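Work through the following exercises with the sequence and the model in view. Each task is followed by a solution in steps.

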Amino acid sequence: MDDKTLNRGEWDTRATEEGVSVVKWKDNKGILFISNCHNPSSITNVNRKMKNGTTQVLACPIVVKDYNVHMGQLTNRKC
């Protein structure tokens, strides 16, 4: 889906028969994630700060939360 059609906290997914999933999640901008060990239908919640300073809880695919926890780290994590 186009970024203009997604609202903040919404996502679109596609998956191959081989188990590779692509998730596009909209935060401030659309962000693409590609994974072979995350189920695109698994969701969790994340806190996002709004422009007015308040915090909003958004639902998001688990791949987003895992990325935020592990970004900048080199791991040999098994799926």
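**Exercise 1.** Which residue in E5 does Arg48 stand opposite?

*Solution.* The model is predicted: local features need pLDDT of at least 70, side-chain atom pairs count only at pLDDT 80 or more, and totals for chains, interfaces and linings use all residues. Residues are numbered from 1 along each chain as its sequence is written, and side-chain values use heavy atoms, without hydrogens and water.

Step 1. Locate strands E4 (residues 43–49) and E5 (residues 55–61); strands (E, at least two residues) and helices (H or I, at least four) are DSSP runs numbered from the N terminus.
Step 2. E4 and E5 run antiparallel and are joined by seven bridges, where pairing requires that DSSP find at least two bridges between two strands.
Step 3. Opposite Arg48 stands Gln56.
Step 4. Five residues separate the two strands of this hairpin, and Gly53 in the turn has a positive phi of about 95 degrees.

**Exercise 2.** Determine which side chains of E4 are buried.

*Solution.* 
Step 1. Apply the classes: buried is under 20% relative accessible area, exposed over 50%, partly exposed in between (1.4 Å probe, protein chains only).
Step 2. In a regular strand, side chains alternate between the two faces of the sheet.

**Exercise 3.** Count the disulfides and classify Cys37.

*Solution.* 
Step 1. With a disulfide taken as a pair of cysteine sulfur atoms within 2.5 Å, the count is zero.
Step 2. Cys37 is partly exposed because its relative accessibility is 30%.
Step 3. Cys60, at 0% relative accessible area, is buried.
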